[in-house]
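The sequence and the structure are shown first.

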Amino acid sequence: MSGNVTRRRLIAGGIATAAGASGLAGAIHLAGRYGLIPPDHGGILGIGKTLTYASQRLLTSGQSLAREFTRAQISRVAPTNGLPPATDDYRRWMTNGFDGWRLNVDGLVERPMSFSLDDLKRMPDETRITLHACEEGWSYIAEWTGVRLAHVLQVVGTRPEARYVVFMPYENESNGVSRVLWNSVDMMDALHPQTQLAYGMNGEALPPGYGAPLRLRLARHLGYKNTKYLYRISVIDDIDAAYDLRRRGPWWGGI
C-alpha cells in the first residue's frame, strides 16, 4: 500500500473516530483542516454532507471508476425529464444542426476560449457505456461519446488557484417551471477520467431531449449533476462567493 493511500486512510479514520468519540464538531474541524468541506455544509444536513464528501475523497482518492457496460446492456428505453430550452437562439440552432453554437470556457484559466461543436469533435474522443441514475428513482444504461473535460481544461490551462468548475446551461423548463439549472464540481471530479462533455448518445448525435448539443456526463453522480444544454464553463475558486447554492439535491451528488 502506498504512503499516500495509507495517509488518506489514517485521516479518514481520524474523522470517523472524531465523529464517534469527541462529537461531530471535532470531525468537521478535522475535515476542514484538510480542505474537505463541501460548499453546502451549512445547516443540520450539512454535517452529514461533509462527512460523506470527506470520507469519499479520502478512502477512494476521488479516482475510483464507475462500472461500465457492454452495448448489449444498453437500455431499450431511456427516460428523460424536462423540455429543451425555449429561447429563440436554441430553437434556431436546433433547426440548423447547431451551426453557430459555441461553448465558452472562462474564469481562472490562462487562455479563455470559445469552441464550436466541430472544434470539440476534433479533440480526442471517448465512448463510454454507463448508468444514468436519477434521484427520482429511474435509471438507464446508455452509450455516451464526447471529449474528456480534463482535456478541454488542459487546452485552456487552469490556474493553480482553481477549485471548482461551474457548468452553465440555457434556461429550460422542468416540471412546468422555467429555470437555469447550473451546476458545479470540484477539480477532482472535473479531472476524473470518466467525466465527459458528451455530444453523442447511442451512436447518434445527442438528441435535444437529452441535452443537445452538449451535456456533462458524470458517471459517478446522480442525474441532476449531469447538466444538459451547456453553453458556458467557468473555472472559479469560491462557489459561495460567486453562485447561489440552491438546487434540488446535495452539492456533491455522488452515487
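## Basis of the model

The model is predicted; local features need pLDDT of at least 70, side-chain atom pairs count only at pLDDT 80 or more, and totals for chains, interfaces and linings use all residues. Residues are numbered from 1 along each chain as its sequence is written, and side-chain values use heavy atoms, with hydrogens and water left out.

## Overall fold

The protein chain contains eight helices and 12 strands. These elements are DSSP runs numbered from the N terminus, with helices (H or I) of at least four residues and strands (E) of at least two.

Of the 255 residues in the protein chain, 45% count as buried. Buried means under 20% relative accessible area, exposed means over 50%, and partly exposed lies in between, with a 1.4 Å probe and protein chains only. Among contacts in the protein chain with a separation of 6 or more, 66% are between residues 24 or more positions apart; a contact means heavy atoms within 4.5 Å.

## Strand pairings around strand 9

Strand 9 (residues 195-201) has seven of its seven residues buried, so it is largely enclosed by the rest of the structure. Its pairings are described here under the rule that two strands pair if DSSP finds at least two bridges between them. Strand 9 runs antiparallel to strand 4 (residues 139-148), with five bridges joining the two; R148 has Q196 of strand 9 as its bridge partner. Strand 9 is also antiparallel to strand 11 (residues 215-218), through four bridges, and A198 is partnered there by R215.

A further antiparallel pairing, with two bridges, links strand 9 to strand 10 (residues 204-205), where M201 has E204 as its bridge partner. These two strands form a hairpin with two residues between them, and N202 in the turn has a positive phi of about 55°.

Strand 4 is in turn joined to strand 3 (residues 125-133) by nine bridges, again in an antiparallel arrangement. L131 stands opposite I141 of strand 4. The hairpin of strand 3 and strand 4 has five residues between the strands, and G137 takes a positive phi near 115°.

## Aromatic residues

Rings of Phe, Tyr and Trp (its six-membered ring) pair if their centres lie within 6.5 Å; planes under 30 degrees apart count as stacked, over 60 as edge-to-face and the rest as tilted. The count by this rule is eight aromatic pairs. One of them is the tilted pair of Y90 and Y170, at 6.3 Å centre to centre and 55° between the planes. Y90 lies in helix 4 (residues 88-95) and Y170 in the loop between strand 5 (164-169) and strand 6 (172-174), so the pair ties together parts that are 80 residues apart in sequence.

Y90 is buried, with a relative accessible area of 0%, and Y170 also counts as buried, at 13%. Both residues belong to one aromatic cluster, formed by Y90, W93, F98, Y170, Y229 and Y231.

On a 1 Å grid over the protein atoms alone, a cavity is a set of points where a 1.4 Å probe fits but cannot get out, and its lining residues have an atom within 4 Å of a point. Grid points are joined across faces, edges and corners, and a volume is the space filled by probe spheres set on the points. There is one cavity of 30 Å³ or more, and the largest cavity has a volume of about 30 Å³.

The lining of the largest cavity consists of D189, H192, Q194, T195, L218, A219, R220 and H221. These residues divide into two nonpolar, four polar and two charged; Ala, Val, Leu, Ile, Met, Phe, Trp, Tyr, Cys and Pro count as nonpolar, Asp, Glu, Lys and Arg as charged, and the others, Gly among them, as polar.

Technical notes: 1 Å grid on protein atoms, 1.4 Å probe; cavity = no way out; pocket = protein on both sides within 12 Å on 5 of 7 lines; lining within 4 Å.
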